[in-house]
Number of protein chains: 2
Amino acid sequence: MVIIDGKRVAGELKEQIRAEVDSRVSRGLKRPHLAAVLVGADGGSETYVSNKVKDCHDVGCESTLIRLAETASQEELLSVVHSLNGDDSVDGFIVQLPLPGHIQENAVIEAIDPTKDVDGFHPVNLGKMILGLPCFLPATPAGILKLLEYYDIETSGRHCVVIGRSNIVGTPLSILLSRKAAPGNCTVTLCHSYTKNLHELTLQADILVTALGKPGFLKGSMVKNGVVVIDVGTTRIPSETSKSGWKLYGDVSFDEVASKCSYITPVPGGVGPMTRIGLLLNTLQASTVKSP
Amino acid sequence: MVIIDGKRVAGELKEQIRAEVDSRVSRGLKRPHLAAVLVGADGGSETYVSNKVKDCHDVGCESTLIRLAETASQEELLSVVHSLNGDDSVDGFIVQLPLPGHIQENAVIEAIDPTKDVDGFHPVNLGKMILGLPCFLPATPAGILKLLEYYDIETSGRHCVVIGRSNIVGTPLSILLSRKAAPGNCTVTLCHSYTKNLHELTLQADILVTALGKPGFLKGSMVKNGVVVIDVGTTRIPSETSKSGWKLYGDVSFDEVASKCSYITPVPGGVGPMTRIGLLLNTLQASTVKSP
């Protein structure tokens, strides 16, 4: 059983990205520039965005953080989006989700110039993903593909069961893994809250992806021997022993599942760091080609 | 066992569409107008396009058929597309696929104004489909959803196995059936040429969709009792007893499979007529709302 070390892989990829940025700058090319828009002050969002800014710094990318009050109107946010669309110094930008309830997320995402949509959430990028055309991939699915590649895990012809059909993880990952590509060519089963007899399906999985946000949901009795488990769950649970005041839990009951796996990602240190790499790779791509 | 009568359902829906068109015209509104572009003279494409034109006539829509020679260049075709994009009299249009080998299909599809893309093949429409936003759905998946609705076939929580991952049938249908919607909320398994032990999966299907183009591929031994079978296959096989010189075959060995089914679509007369309805519904929608 191999515990997939997302932190290490992310570290190596970050070194490669930094080398590429350095090389570009030394050739007189523009330093890639990511902007992030944060509305309000949700604890999780604060952490995610400050990590993204830190990552940019680590690899030599420029970054700009734009903060709006929790009470900012949709019009104010759209005005910031339009301004970033038109700002040639910014190669790509993200609007951190979730947004406050009075703002329509789809309206905001659709307003982003698809060639700057480094989160890969715009319909054009999702549609191109289906068609196998060049596009920005959503960061978490892209990070998972990188992990599978790094560990040389065969996907072709294997049965991948994905639990969770979100627009940013489960659904795009299920599409990517079923495409004629490498990694890809999986038989993919997409499960969700309406799925009956879930364990009958998870027991068939060669590759099992959990993206539910239910700590410890996946038990040892639900997987077969030799399975590859990718745990996308990240639930924060208050903890007195942690200096941050909380601990991060995945969707997998790690100890009982790990003993049956060929490969498994831990939480933290598995998929999480790779998601951050997905964004950096998209930023690099945005800075290279203006039309994805 | 019920043989799903796609021809009858399509006929009823056509009557409804005609009534809607009549009502609009009597209120002084514009008669919906579909244009179709046909490059070359492939026998199948000729038939499909002339059926589409006939359907328009049947429901009172205006139609225009634009023919280009097999040798037309990509530039000539793109010029026709741009002209249709800018023609306010045309509500929606299609470019019949497949195109001759010297033309890049994706370049042509991406050139179509998404608000006139009544085939639903443009990346924007596919992306909006993933997100559950208003869009033009590809005609065949849309037609299949209509059949499931018409026969009141429960999809929620049922396991749907789709064989074939094409961009126009298998992949979009798998996405639509897994969405939180009605019809929808299926657990969906997408199978294809790389799938191993296919029969182990098909035997689990509550709803089984075949979209391979391999006549008689699905045998009775591959399905469980009570399954719903949707046969999207349409392969033409030369026949001396048919006045057209050929007969249409589905992917299902009908006689041996039908006896185990709760519902099954025949070929011809199942999904085919509904695909044509999908296009009419999109044309109506294009004529109603200019922005999908």
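**Figure 1. The loop that holds N197(A).** In this predicted model, N197(A) sits in a loop of chain A, with strand 6 (187–191) on one side and helix 8 (198–202) on the other. Look at its backbone: phi is near 50°, a positive value, and the residue is not a glycine. Is N197(A) buried or exposed, or something in between? It has 13 C-beta neighbours inside 10 Å, so N197(A) counts as partly exposed.

**Figure 2. N185(B), another asparagine with positive phi.** Here we move to chain B, to the loop between helix 7 and strand 6, where N185(B) has its place. Its phi is near 55°, again a positive value in a residue other than glycine. The surroundings of N185(B) include 21 C-beta neighbours inside 10 Å, and a residue with 20 or more is called buried, so N185(B) counts as buried.

**Figure 3. Two cis peptide bonds.** Still in chain B, a cis peptide bond links A182(B) to P183(B), with omega about -5°. P183(B) belongs to the loop that runs between helix 7 (170–178) and strand 6 (187–191) of chain B. For a cis bond in chain A, find L97(A) and P98(A), where omega is about 0°. The loop around P98(A) lies between strand 4 (92–95) and helix 4 (105–111) of chain A.

**Figure 4. V229(A) and its contacts in the core.** Nonpolar side chains in soluble globular proteins tend to be buried together. The largest nonpolar core of this model has 168 residues. Which of them touch the most other members? They are V162(A), V209(A) and V229(A), along with V162(B), V209(B) and V229(B). Zoom in on V229(A): setting aside neighbours within four places in sequence, its contacts are L208(A), V223(A), V252(A), V257(A), C261(A), I264(A) and T265(A).

**Figure 5. Chain A as a whole.** Stepping back, you can count 10 helices and 11 strands in chain A. Its radius of gyration is 19 Å, close to the 19 Å that the globule rule gives for 292 residues, so chain A is as compact as a globular protein of that length. Along its principal axes, the C-alpha trace spans about 50 × 40 × 35 Å. Of the 292 residues, 50% count as buried. Among contacts in chain A with a separation of 6 or more, 69% are between residues 24 or more positions apart.

**Figure 6. How the two chains are related.**

Notes:
Residues are numbered from 1 along each chain as its sequence is written. Chains are lettered from A and ligands numbered from 1 in the order in which they are written. This is a predicted model: local features need pLDDT of at least 70, side-chain atom pairs count only at pLDDT 80 or more; totals for chains, interfaces and linings use all residues. A nonpolar core is a set of buried Ala, Val, Leu, Ile, Met, Phe, Trp, Tyr and Cys residues joined through C-beta atoms within 7 Å. A residue is buried if 20 or more other C-beta atoms lie within 10 Å of its own, exposed if 12 or fewer, and partly exposed in between; C-beta atoms are placed from the backbone. Two residues are in contact if their C-beta atoms, placed from the backbone, lie within 7 Å. Helices (H or I, at least four residues) and strands (E, at least two) are DSSP runs, numbered from the N terminus. The radius of gyration is taken over C-alpha atoms; the globule rule is 2.2 Å times the number of residues to the power 0.38.
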